[in-house]
Amino acid sequence: MNVLNLLQRKLQDALTGLVSDPAVYAAMLKPAQEARFGDYQANCAMPLKKELGGDARQIAQTIAARLQLEDMLEPPAIAGPGFINLTLRSEWLAQQVRHMAGDDRLGVAPVEKPRTFVIDFSSPNVAKPMHVGHLRSTIIGDALARLLRFLGHQVITDNHLGDWGTQFGMLLYGYKHFLDAQAFQSDPVRELARLYVHVRNQIKKTAGAQGDEEEDPNDPIAQAARAETAKLHAGDAENLRLWRAFMPYCYEEIERIYRRLDVHFDHTLGESFYQPMLADVVRELCQRGIAQESEGAVVVFFGAEESPALIQKRDGAYTYTTTDLATIRYRLQQWNPDAILYVVDFRQGLHFKQLFDIVRRWGYDKVELKHVSFGSVLGADRKPIKTREGGAIELGALLDEAVAQAARRYQQTRQERIERGEEVPELTAEELEQIYQAVGYGAVKYADLSQNRESDYVFNWDKMLSMEGNTATYMQYAYVRNRGIFRKGGIDVLALRQPPPPVILQTSEERTLALQFVRFHDALAAAAAELKPNLITGYLWDLAKTYSSFFQNCPVLKAETVELRQSRLLLCDLTARVIQRGLDLLGIRTVERM
RNA sequence: GUCCCCGUAGCUCAAUUGGAUAGAGCGUCGGCCUCCGGAGCCGAAGGUUACAGGUUCGAAUCCUGUCGGGGAUACCA
């Protein structure tokens with residue numbers, strides 16, 4: 001039940017025959033900002049003054065009178081300059097809650113017209129260990145995949161690994177000149193990471209004097225590294241052999257992280273996979289007159305002002321633009337998606353703008369291409385954390401710390417409960433590990449997902465591991481306490497759900513909770529439309545707070561009547577299920593105890 | 001130089017895309033454990049939404065300018 005949609009359709013019906021473009025004005029119906037303004041508000045009367053003339057409040061009256069209230073709505077109220085405030089009838093709300101309780105999907109029907117999405121996310125350079133900078137793409141992309149799938153879309157996830165670019169040239173150069181054989185023997189991944197950083201630093205030292213520090217392209221090491229890349233791309237036997245030797249280690253390292261994060265890909269087709277197709281892409285773009293030779297390279301121009309995009313460098317090596325073009329063609333041929341989403345750092349905005357432009361000129365104009373951009377992770381100094389500066393925190397270490405922190409917190413709480421005289425069950429080592437991981441990884445994911453992806457954010461170790469306030473832990477804890485009620489009361493939840501008991505909405509807490517339930521679908525729809533997981537966390541936070549308030553004021557097991565107790569148990573159960581489902585869509589697990 | 005993004009409470013962030021008195025968390029201060037788990041609840045203080053104009057019924061949001069920060073910009077990805 002998508003309540004917002006339903007109301008907008010009602011409003012549109014009321015506007016039809018009254019105004020020229022009912023759909024536009026119907027869309028101006030929103031959830032009310034404050035409870036005293038009702039549940040939803042229609043804001044279309046004021047702007048309609050232009051078309052209809054006269055007083056906005058009068059227009060609001062006219063529209064309100066045309067609304068089919070049926071059994072859904074109380075009589076509308078006109079307020080302020082001409083807001084139409086709508087309140088759902090509590091009986092209707094109660095019915096909806098019962099319906100949700102009897103539905104595995106919690107009232108969220110699959111979309112009528114499923115689309116096929118390819119989601120390109122995470123995509124780390126595998127030549128170096130993953131760090132906090134990779135977290136956003138990985139976690140946001142995974143959450144979007146889960147969300148779109150749940151809504152009924154077909155989703156294909158593809159990890160477009162950076163396994164063929166310049167960084168491998170640096171690695172090859174580093175391997176040949178600076179290798180610590182013993183270190184490579186004992187920890188190949190770490191040694192490869194060291195070589196990468198080392199080579200980059202070598203280049204930086206000789207960097208030019210023109211203002212900002214940049215890697216000097218004429219630096220001999222930079223040239224040598226580029227030459228290694230070019231040799232690799234040209235099929236040089238030695239470089240290919242080394243590349244093949246490196247890959248399993250690189251792969252193993254990132255897989256370890258993905259397993260911990262519970263992130264899985266349908267496909268992992270890295271840049272190297274497309275390497276055989278690149279020459280053909282360049283040839284085709286040249287033939288069609290889209291690309292041309294310039295200064296020894298092959299480029300695509302966009303206009304007099306804008307810099308061109310290189311698709312083949314002077315030394316013959318291809319660029320990531322070329323690879324991305326081949327990738328798009330492959331994906332279209334293979335999967336015929338309606339949309340391809342790129343969950344990538346905002347700094348690549350120009351790249352994607354140019355890339356999409358080329359794709360259109362190439363003739364692929366049906367597929368929707370979208371750069372789902374996100375802001376930088378900043379250091380405490382508000383400057384982007386950059387790997388080269390060595391300031392980045394490795395993802396593995398971050399996750400270790402998160403789990404350790406969760407364990408500390410669990411033990412501390414457990415001790416407090418014992419001192420309080422509560423009965424605390426003995427959990428097995430395995431159960432404890434499950435709790436530590438759910439809480440620890442949940443904290444890290446939630447800290448990232450709860451922020452609007454478009455804004456930068458300051459990386460803060462404590463905040464990311466925090467388990468108070470608007471965090472995954474708060475949500476998991478609300479769930480645990482909720483389940484505690486059922487344990488304590490010896491309630492069979494499955495029996496409670498079918499058929500669901502009548503729902504009684506007497507107190508304001510109960511009604512607010514019910515209203516929050518029926519907004520679940522709205523929240524998911526909004527999150528999917530904007531591709532913003534923080535709209536889900538925001539919803540869950542409101543739900544959990546509403547539930548806490550309900551929990552505080554409305555006794556459940558000790559409710560005055562059997563009917564009220566059954567009704568409140570159902571509200572509890574539904575809260576738990578919505579929280580669990582909501583967290584699941586974010587890739588965060590719930591536990592029964594913590 | 002050109003283009004893009006950003007500037008909101010002490011700190012970190014929201015604000016349903018132009019709606020009503022700009023909201024949360026953390027931190028600070030004050031309450032709540034004979035009551036379904038205190039990782040909690042209730043309350044208080046804290047704001048000229050960087051600044052100056054403009055657009056209209058209405059602006060944190062749109063337009064112009066200024067200041068400040070970040071990013072991109074032909075051979076990194």
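**Reading a predicted protein–RNA model**

User: How do the residues of the surface near RNA strand B divide into nonpolar, polar and charged?

Analyst: Begin by sorting them into classes: there are 29 nonpolar, 22 polar and 25 charged residues on that surface. Keep in mind throughout that this is a predicted model.

User: Thanks! Which residues come nearest to RNA strand B?

Analyst: "Near" here means that a heavy atom lies within 4 Å of the strand. The residues around RNA strand B number 76, and Lys-30, Glu-271, Arg-314, Arg-481 and Glu-530 come nearest.

User: Where can I find polar contacts to a phosphate oxygen of RNA strand B?

Analyst: Look for pairs of N or O atoms within 3.5 Å. Arg-481 places an N or O atom of its side chain 2.2 Å from a phosphate oxygen of RNA strand B. For Arg-226, the distance from a polar side-chain atom to a phosphate oxygen of this RNA strand is 2.8 Å. Asn-452 uses a polar backbone atom instead, 2.9 Å from a phosphate oxygen of RNA strand B.

User: Which element supplies the largest share of the surface near RNA strand B?

Analyst: Helix 18 does, with eight residues. Among the elements that each supply at least two residues are strand 1 (29-31), strand 4 (83-86), helix 15 (395-419), helix 18 (472-489) and helix 22 (534-553).

User: Now the whole chain. How many helices and strands are there in chain A?

Analyst: Chain A has 23 helices and 13 strands, and its C-alpha trace spans about 80 × 70 × 45 Å along the principal axes. To read the packing, take burial and contact range together. Of the 594 residues in chain A, 52% are buried. Among its contacts with a separation of 6 or more, 73% join residues 24 or more positions apart. The chain exposes about 27200 Å², with carbon and sulfur atoms supplying 48% of that area.

User: Which residues touch the most other members of the largest nonpolar core?

Analyst: That core holds 159 residues, and the ones to look for are Leu-88, Ile-119 and Phe-168. Helix 16 (residues 429-449) gives the core its largest share, 11 residues. There is also a second, separate core of 32 residues, including Trp-335 and Phe-352.

User: Is Arg-136 buried or exposed, and why?

Analyst: The test is relative accessible area, and buried means under 20%. Arg-136 counts as buried because its relative accessibility is 0%. Arg-136 sits in helix 6 (residues 135-150), where a polar atom of its side chain lies 3.2 Å from the backbone oxygen of Gly-375. Beyond its neighbours within four places in sequence, its contacts include Phe-374, Asp-448, Asn-452 and Tyr-457.

User: How far apart are Tyr-175 and Leu-29 in sequence and in space?

Analyst: Compare the two kinds of distance: Tyr-175 and Leu-29 are 146 residues apart in sequence, and 62 Å apart from C-alpha to C-alpha.

Note on methods
Residues numbered from 1 in each chain as written. Chains lettered and ligands numbered in written order. Heavy atoms only, no water. Polar contact = N/O pair within 3.5 Å; in protein donor to acceptor, adjacent residues only side chain to side chain. Helix = DSSP H or I, 4+ residues; strand = E, 2+ residues; numbered from the N terminus. Nonpolar A, V, L, I, M, F, W, Y, C, P; charged D, E, K, R; others polar. Buried < 20%, exposed > 50% of the residue type's maximum accessible area, 1.4 Å probe, protein only. Contact = heavy atoms within 4.5 Å. Areas by Shrake-Rupley, 256 points an atom, 1.4 Å probe, with all protein chains shown as cover. Core = buried A, V, L, I, M, F, W, Y, C linked by side-chain atoms within 4.5 Å.
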